[in-house]
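Please read it with the sequence and model open alongside.

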Amino acid sequence: MIRISRRAFLRGITGLSLAWLVGPSRARAGTAGGASPGLNEWPMFRRDLHHTGFVPGRGDITGPRLRWRFGTRGAVESSPAVGDIDGDGRPEVVVGSFDGAVYAVPADSGGQSVIREPKWSYPTGKLIWSSPAIGDVDGDGRPEVVVGSDDKNVYVLDGATGAEKWVFRTLARVRSSPTLVDLDGDGVLEIVIGSNQIYALDARRKQRRWAYPLQTTTFSSAAVGDIDGDGRPEVVVGSYDNYVYALDAPTGTAKWRFFAGNFIESSPAIGDIDGDGEVEVVFGFGAISARGDKGVYALRGRDGSPKWLFRLDDDQRVISSPAIGDIDGDGRPEIVIGSNVNVLYVFDGQGRVKHTYEAGNFIESSPAIGDVDGDGQVEILVGSHDFHLYALAVEPGRPRLRVKWSFRPPQAANIFFSSPTLADIDGDGLLEVLIGNNNGELYAFG
């Protein structure tokens, strides 16, 4: 792992992922085949261990040019992962569906807008909300696909064939997305995932490594990084029991927990958001039916104390997960997150609103950040319940984000709950955009 100080990074580089801002850590991300992440790879939900949702590189998508679409028999609220799962040198797209199956789809369509046939599919017992992750979790030198299901199981599947390699049974539905990370520096990835507990699973030995009990279940997915500066990684995750937990990654023991006062479905993102040399934890929270605060929190990574809080009205919530990156080229990171007041918010590191975009309905999709049209300016990609996928950008001097383009599916348009994935799916060095829709389709733009 490349190691660079937070302050040196902020002085010398702009526009890159905030993943680099978290201090030295033994934790290693999961990637196809266990290799180091490629420039445009997206192997798990929110792309990296710190859940920044940010990807470097550029695309050439100046409008919603559909490369291909793939149909399932259920809503696609899962977000796609991208990686070479079968060792043929070409990436695949892996996604779950409410029809209960996880699909591996050839990523390169040859430039034609066609309905794709899957390389393989694997049926689970119930719907899949969890987003798959790709990585070599059993140390055999070949990538696996890991995903949770509402049938209470975590599945480890052979990347090349989709054959079942291991199934871990929990006591509740598994809607959390897996994070694949080497927790102890032994060169083999573990699986961190939430259900009735936060689990760290050892697929090589087919056993639980540790489990941290929750008061209820969780939808939130774990970010991993050294948030307190002690040189050891922490696992950070929210829960329906209203707490955010910071757990010692190798052992699963609690370092701190923070009571937000409302449900947490949002997955935390971690990074030095204000340039003070310390790491913060950012997440959305709140449920429409529950009393108490709702909005966006930033906590100090060292002890879980609140740094700032942005409140929403009592009848709203935030289940979108934040993205972190420099979206306006000022050399400082911003936080981007959707809300159920139909607004996409862009905050500075102090919690002040810099930019907004108001959609026609809820924004529960989690934004992704990258320069998808190659103009040197970063775009925000996000879906909405108003049936649209948006590509948004900052317009200098104006608080309202500008719509560069939008897409509404022609096939029985439905809500976009799925979060966009930005990755080079055809090996041309340019970013493509992938996202699922509740009409049962997976779309690829390029």
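A nonpolar core here is a set of buried Ala, Val, Leu, Ile, Met, Phe, Trp, Tyr and Cys residues joined through side-chain atoms within 4.5 Å; buried means under 20% relative accessible area. The model is predicted. Its protein chain has 1 helix and 35 strands, and 65% of its 446 residues are buried. Of the contacts between residues at least 6 apart in sequence, 53% join residues at least 24 apart.

**Nonpolar cores**

- In soluble globular proteins, nonpolar side chains tend to be buried together.
- The largest nonpolar core holds 33 residues, and those that touch the most other members are V137, I191, I198, L201, W210 and V235.
- Two or more residues of this core come from each of β11 (153-158), β12 (164-169), β13 (179-182), β14 (190-194), β15 (197-202), β16 (207-213), β18 and β19.
- Strand β15 supplies the largest share of this core, with 4 residues.
- Beyond its neighbours within four places in sequence, I198 is in contact with V192, I193, W210, A211, Y212, L214, T218, V237 and L247.
- Another core, of 32 residues, lies apart from the largest one. Among its members are V76, A107, V372 and F445.

**Sheet β4-β5-β6-β8**

- Strands of a sheet pair through backbone hydrogen bonds, either parallel or antiparallel.
- This open sheet has 4 strands in the order β4-β5-β6-β8, and the pairing is antiparallel.
- Its edge strands, β4 (81-83) and β8 (120-123), each pair on one side only.
- From one strand to the next, the twist of this sheet averages 15°.
- Within the sheet, strand β5 (residues 92-96) and strand β6 (residues 101-106) run antiparallel and are joined by 5 bridges.
- Across this pairing, V94 stands opposite A104 in β6.

- Strand β21 is joined by 3 bridges to strand β22 (residues 280-285), and the two run antiparallel.
- In that pairing, A269 stands opposite V282 in β22.

**Aromatic pairs and cluster**

- The whole structure contains 25 aromatic pairs.
- F258 belongs to strand β20 (residues 254-259) and Y297 to strand β23 (residues 295-300), so the pair ties together parts that are 39 residues apart in sequence.
- Both partners are under the 20% limit for burial: F258 is buried because its relative accessible area is 10%, and Y297 is buried because its relative accessibility is 9%.
- F98, W129, F219 and F417 form one aromatic cluster.

**Charges over rings**

- The charged end of R46 sits over the ring of F45, at 5.8 Å from the ring centre.
- R257 lies over the face of Y243, and here the distance to the ring centre is 4.2 Å.

- N242 has a positive phi, near 80°, although the residue is not glycine.
- N242 lies in the loop between β18 (234-238) and β19 (243-248).
- Because its relative accessibility is 15%, N242 counts as buried.
- A412, also a residue other than glycine, has a positive phi near 45°.
- A412 is in the loop between β32 (402-407) and β33 (421-423).
- Exposed means over 50% relative accessible area; A412 has 63% and is therefore exposed.

Key. Residues numbered from 1 in each chain as written. Predicted model: local features only at pLDDT ≥ 70, side-chain atom pairs only at ≥ 80, totals over all residues. Heavy atoms only, no water. Pairing = 2+ DSSP bridges. Axes fitted to C-alpha atoms, helices over the stretch in contact; angles between N-to-C directions. Phe/Tyr/Trp six-rings, centres within 6.5 Å; stacked < 30°, edge-to-face > 60°. Buried < 20%, exposed > 50% of the residue type's maximum accessible area, 1.4 Å probe, protein only. Lys NZ or Arg CZ within 6 Å of the ring centre and 35° of its normal. Contact = heavy atoms within 4.5 Å.
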